[in-house]
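Good morning, and thank you for making time for this item. I should like to take us through one model, chain by chain and then contact by contact.

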Amino acid sequence: MEAIRNGFMAVVLAITTTMTVGSGSARAESLGWPEKEELTFGFIKLTDMAPIAIAYEKGYFEDEGLYVTIEAQANWKVLLDGVIDGRLDGAHMLAGQPLAATIGFGTEAHIITPFSMDLNGNGITVSNAVWDAMKPHVPKRADGKPEHPISAAALKPVVEQYRAEGKPFNMGMVFPVSTHNYELRYWLAAGGIHPGYYAPHKGDISGQLQAEALLSVTPPPQMPATLEAGTIYGYCVGEPWNQQAVFKGIGVPVITDYEIWKNNPEKVFGITAEFAEKYPNTTLRLTRALIRAAMWLDENDNANRPEAVQILSQSQYVGADAEVIANSMTGTFEYEKGDRREVPDFNVFFRYFATYPYYSDAVWYLTQMRRWGQIDEDRPDSWYREVAEKVYRPDLYAAAAKSLVDEGLADAADFPEFGTEDGYREPQSEFIDGVTYDGTQPNAYIDSFPIGLKTGDRL
Amino acid sequence: MGKTITLSRATGVSSLPAPVRRVMSIGLKNVVVPLLGIVLFLGAWSLAARNIDTSLGQFPGPATVAQQFVSLYDEHRAEREKAEAFYERQEQRNAERVAQDPSYEPKIRDYTGKETFFDQVRTSLITVMCGFLLAALVAIPFGIAIGLSETLYTAVNPVIQVLKPISPLAWLPLVTMVVSALYVSEDPLVPKSFLNSMITVTLCCLWPMLINTAVGVASISQDLVNVSRVLSLPPLTHVRRIVLPAAVPAIFTGMRLSIGIAWMVLIAAEMLAQNPGLGKFVWDEFQNGSSESLGRILTAAIVIGFIGFLLDRGMLTLQRFVSWDRNSATR
Amino acid sequence: MNNPTPDRDVARDVILDISHIDVVFPTPKGSFQALADVDLQIRQGEFISIIGHSGCGKSTVLNAVAGLTETARGGVILNGREVDRPGPERAMVFQNHSLLPWLTAFENVALAVRQVFGKTKSKAKQKEWIEHNLRLVHMDHAMHKRPDEISGGMKQRVGIARALAMQPDILLLDEPFGALDALTRSSLQDSLMEIKAELDNTVIMVTHDVDEAVLLSDRIVMMTNGPAATVGEILDVPLPHPRERMALVEDPTYVHCRSEVLRFLYEKQRKVEAIGRHNGKSAARAGDDAKVA
């Protein structure tokens, strides 16, 4: 208790000192003053909101002349509605949200993202009972501990047993267009478990058509409680809610998304297209602040992470116990109680060009929307490209990054070659099922999965 | 007489003069007995707490709550210090900007940091008061009107009877949508969330006040009405000098009823709509799920209880002060 | 009406003319005629008592004069003008005092004074006038007390002060002492006589107390039983003023008047039930009887 309070005071002091020292206003005039200075940003209580909290606490927003209020939101829908109706100026969003909103799956609105917030950071947790049933099917290492990554193939017999007993195998994810939904589906399908289809053109948005595992929405902070109540047998969620299950002793994380797709893009920072158009200087400046926060988070090989953990554990941010947050933020991940393993890249905020909004990342989400029926009919490859270009705005990011480099606040080497790159990453193949993803060939990619809709399929 | 005095001097407590003894016995009853009750309650609570294990740790006992209260206060102080630093930096920044850009009109923005527990208490109190006053402003004149006119009463009574039992929480989504649609302003005077909570409070205060005022007015003694008629008081004077004072006890009964319900509903509404206030504090802590969360939630619950109690006492005191009918203000 | 008018009243004009009034009340069982053809003239400075059995409509007559009850036929003419609504020139003292409980004695009187003299008297004059009237009823010592802090007799005194303060053309008293104990009642009767002697008001008082009626009145109006009650007989009380309660006890005129009233009530207008206090039950029974008859 005393220790926590002291730590808290130390953080406060440290922050206040840093803020009074550095002041960015001297450089401001060359960029143009922000058109809107008072902003409200929304977030969901997850560790990957860290860039927003850090930009605030480290004074990066203020350096840009932005006065930002940060508000936790009840769930992803409330958050998205807040951005659409203007109650929020911007928010920590699921990568799928701006895409889905722009193409009109769910609430339709033109949302853009100038900044990706992080890589990885999610995990899949199952209840203790399910884990006990899965364990015999999991290969062991020499020391007796389970061999990772664990395939959903180990879960398949458990799901079959539940189904045979007439019990629906329910699992939680955080939102229909969330990374978590696609990751959970990817993992289940890679292990031979059908996660179900959406059919919005028939009014079916439950996503449970032909499903063997039934996925439904639960807000992240309520995941552990829902698992404990027995409503769901497992879930896919961001941190700290997987580690929370370990701490509470109610469940076991079986896999991280890093193992499903190495360095997968995760949250984005979303604003409306209208906002970006109306307040170009504000948009540029908030992107600068976020980039600086992301840099700080990964600086010196994660040296600042312990401080970040202290900040995030404050009740107005993530609010979970510091030790729970520290588990994943500082590069370790605890699976079964006591089975703590190094995952240095579990939370990546800046390195590997994590914050650059690649078109190919957008296209990947779109392919998954098509794979599971959220996009109900075939679209040409060009359509995928157009949507990605409409929503992901590397141009805004590049402008912000260049201005930081010009001012000596960032190193050009930390960013992609803005002049030459085209917004598409090289084909990636570090997926759990070994399938290669090339963002320029979305339809071919969709056709390469054994489970999932393929070109020509329509429910 | 002399004999009695000699007698009472003979033994311990009874040697004190009678009034002192009476005060002591009242003191015993009014201080010692409730104190005993509180001690027993605290004992039972800490015993029960020790035996309840949740996934967020042990259920908080009295000591944890006291500790959390102190730490909430410390946080509040720390946040105030941060706020001061924020304003200082802002002034400095404004000054720098004016130096570079003379056309800039410096503006001091409110602190953007978190709302502490005590800020939330304040927000909730302001909300409940504003909602309550707004309800009073609407319900009392309207209640007088329907109390005075039997026709009006007959006309609106069915509507009131149906609207009254609707939980104000059921209105919340409608209120939210209507406020969003109608309250559009670039630089709003008060935030929408405040308006939503306030209107919800108003809706729940409205009916008890309306009905009590109407009944109070309608049941005014015919003799007093006759006095007014003999004096030929003009209608407005009649309302002001006769009807309103006569209905004051009933109006206050309605007000006390209202504020009690309003306070409970407000907390629920804040939880539901994530509007700033104590309800949001409780919900946020629940979402945080940290090892301190339960203690903080319980602290908030106790503070909510205390404030509810104080609101009721305050209303009672006001009623005693304003109302002529001592009997109507005795609970 | 058969009685000859005493000489001393000849010179005085009729101030109030209750001219052939009928009063009809609507009831769920149809209309109920309370009064039929009540006709009565009152002269300036006269003290009139209206007496009769419970439920006979005494108070209805008073309410009709006050304008609180509408007449179905006939009218009330005050100073040559018909009145159809209440007004302070016909001040009323109610049976249960009807003071506003949230105001002090002074403020209760002040409410009336401000209403009647607000435009003609200065603030200071108004205050003086209020205090004067309270002094008149011997309430100056408790004028800043609220009704719930003073006794029933004192409340009735304040009620009288309030009525007097309106300087009415006619003072209407509706069983003013009915709810008081005998001693208090006597003391208030004495006060009323004092005031009458000093101000020479015109008074109509409803009572069911025979002694009170004889002691205070110049004329006693005896009502027949309802329904459709009307004036039965009018008795002159030719006793000189000021009257002294103890001296009158043996006075032959007093004794005669008293027995005349009693004879009217118990022989000519005999009712089955005992004359008692006006309580709800007997009043209701009287009403039922009336309807049966």
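Chain A has a mean pLDDT of 89, with 93% of its residues at 70 or more. This is a predicted model, and there is one stretch of chain A to set aside: over residues 15-29 the pLDDT is below 50. Where pLDDT is low, predicted coordinates should not be read in detail.

Let me turn to chain B. Its secondary structure amounts to 11 helices and 2 strands. The C-alpha trace spans about 90 × 65 × 45 Å along its principal axes. Of the 331 residues of chain B, 36% count as buried. Taking contacts in chain B between residues at least 6 apart in sequence, 73% of them join residues at least 24 apart.

Next, the contacts between chains B and A. Here 26 residues of chain B are in contact with 33 residues of chain A. On the chain B side, the elements that give two or more residues are α3 (62-100) and α10 (278-288). The largest share comes from α3(B), with 11 residues. By class, this side of chain B has 12 charged, 12 polar and 2 nonpolar residues.

Chain B also meets chain C. In this case 16 residues of chain C are in contact with 13 residues of chain B. Which elements of chain C each supply at least two residues of the side that touches chain B? They are β6 (90-93) and α2 (105-117), and α2(C) gives the most, with 3 residues. The class make-up of this side of chain C is 12 nonpolar and 4 polar residues, with no charged ones.

Finally, a local feature within chain C. Strands β1(C) and β2(C) form a hairpin, with 2 residues between them. Strand β1 (residues 14-27) runs antiparallel to strand β2 (residues 30-43), and 10 bridges join the two. Within this pairing, V24(C) stands opposite Q33(C) in β2(C).

That concludes the presentation, and I welcome your comments.

Key
Residues are numbered from 1 along each chain as its sequence is written. Chains are lettered from A and ligands numbered from 1 in the order in which they are written. This is a predicted model: local features need pLDDT of at least 70, side-chain atom pairs count only at pLDDT 80 or more; totals for chains, interfaces and linings use all residues. Two residues are in contact if their C-beta atoms, placed from the backbone, lie within 7 Å. Helices (H or I, at least four residues) and strands (E, at least two) are DSSP runs, numbered from the N terminus. Ala, Val, Leu, Ile, Met, Phe, Trp, Tyr, Cys and Pro count as nonpolar, Asp, Glu, Lys and Arg as charged, and the others, Gly among them, as polar. A residue is buried if 20 or more other C-beta atoms lie within 10 Å of its own, exposed if 12 or fewer, and partly exposed in between; C-beta atoms are placed from the backbone. pLDDT is the predictor's confidence in each residue, from 0 to 100. Two strands pair if DSSP finds at least two bridges between them.
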